[in-house]
Amino acid sequence: MNSRAYLYLSVTALFWGGNSVAGKMAVGHVSPMMLTSLRWLIALAVILALMTPQIRRDWDKIRLHWLQLLAYGAVGFTLFNAFLYSAVKYTSAINAVIMQAGIPMLIFLFNFALFRTKASIAQVIGFTVTLIGVLTTAAHGDLASLLQLRLNFGDALMILACIVYAAYTVALRWKPAMHWQSFIAAPACGALLSAIPLLIWEFGKGNAIVPDATGWAIVVYAAIFPSLMSQVLYVRGVDMIGANRAGLFINAIPVFGTLLSVLLVGEAFRPFHLVALLLVLGGIAIAERGRPKPPR
């Protein structure tokens, strides 16, 4: 089970790293709320085409927990991405990467504040090592450059995005018991419903951009991989190993994002990328080996 969870969460981090790159590439080709709305429209269409039989079987459970399920979609699916896509219009990639590195620590803090869930010393060390890896990636190997960062409006949006996703991850402990297909379908509906008012607001401000050819390619990618497949894999990973352990894999997102930037944007792969990757993976390994043992 652990091996499968690691695979699921690693692939999730890969797709989410791609989501950050796609969000940056989308600037000028499709507006943030248009991207958020269209990705969930397409994702929901795919879900209904493939998963309707299972949804019908779980319909009674969905009706019983409909408000909770819609809230998962509104918060974890729509609000996070709306903040992320809006943030990259105002802040640099280095700032956005550093902000996302704080999500696992927020998960630890929320779990401790709400449930007194403690992290082991090894988990704290592991988080610190992965954070150093993330900062190495963000600073392009020059950690001293981090002292020159300045917060702006985009950074504030990224802080909100991190808080939102950490809260969503912790809240998954109350997820109703149902088939994963049904659980993904209902929040996806909530994501689309909650995105529509944001899209209307964007049109009202005169900031909406209908996607061009590049924009549509980004929309389709975001719909299939970060929206659909990643959410399925992340929920399964949290189910298998818990929010604290699963959240640590979020620190792999900036590394994967860097690798994808090399492939898609043509940035050079430098030694610090390899160092950062080893630090992130090593930190995850330390935290996993030293996790608190369940009581017998």
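Start by selecting S31, which touches E202, N207, A208 and I209, leaving aside residues up to four places away in sequence. Keep in mind as you look around that this is a predicted model.

**Stop 1**

Where along the chain are you? S31 sits in the loop between α1 and α2. Is S31 buried or exposed? Its relative accessible area is 2%, so S31 counts as buried, the cut-off being under 20%.

**Stop 2: N19 in helix α1**

Next, go to helix α1, residues 2–25, and pick out N19. Which residues does N19 touch? Setting aside residues up to four places away in sequence, show R39, N81, L84, Y85, Y221, A222 and P226. Three of these names, R39, A222 and P226, come back at the next stop, where R39 belongs to α2 and the other two to α10.

**Stop 3: α2 against α10**

Color helix α2 (residues 32–57) and helix α10 (residues 213–241). Two packed helices are described by the angle between their axes and the distance between the axes. For α2 and α10, the angle is about 55° and the axes are 8 Å apart. The two helices are therefore oblique to each other, and their crossing is right-handed.

To see the contact itself, show side chains on both helices:

- From α2, select L35, L38, R39, W40, I42, A43, V46, I47 and M51.
- From α10, select W216, I218, V219, V220, A222, A223, I224, P226, S227, L228 and Q231.

By class, the contact of α2 with α10 holds 17 nonpolar, two polar and one charged residues.

**Stop 4: α12 against α13**

Finally, move along to helix α12 (residues 253–264) and helix α13 (residues 271–289). How do their axes cross? The angle is roughly 150°, and the axes come within 10 Å. Since angles over 145 degrees count this way, α12 and α13 are therefore roughly antiparallel to each other. The crossing of α12 and α13 is left-handed. Select V255, T258 and V262 on α12, then H273, A276, L277 and V280 on α13, to display the contact. Five of the residues in this contact are nonpolar and two are polar, with no charged ones.

Note on methods. Residues are numbered from 1 along each chain as its sequence is written. This is a predicted model: local features need pLDDT of at least 70, side-chain atom pairs count only at pLDDT 80 or more; totals for chains, interfaces and linings use all residues. Side-chain values use heavy atoms; hydrogens and water are left out. Axes are lines fitted to C-alpha atoms, for helices over the stretch in contact, and angles run from 0 to 180 degrees between N-to-C directions. Helices (H or I, at least four residues) and strands (E, at least two) are DSSP runs, numbered from the N terminus. Angles under 35 degrees count as roughly parallel, over 145 as roughly antiparallel, 65 to 115 as roughly perpendicular and the rest as oblique. A crossing is left-handed if the near helix is turned anticlockwise from the far one by less than a right angle, and right-handed if clockwise. Contact means heavy atoms within 4.5 Å. Ala, Val, Leu, Ile, Met, Phe, Trp, Tyr, Cys and Pro count as nonpolar, Asp, Glu, Lys and Arg as charged, and the others, Gly among them, as polar. Buried means under 20% relative accessible area, exposed over 50%, partly exposed in between (1.4 Å probe, protein chains only).
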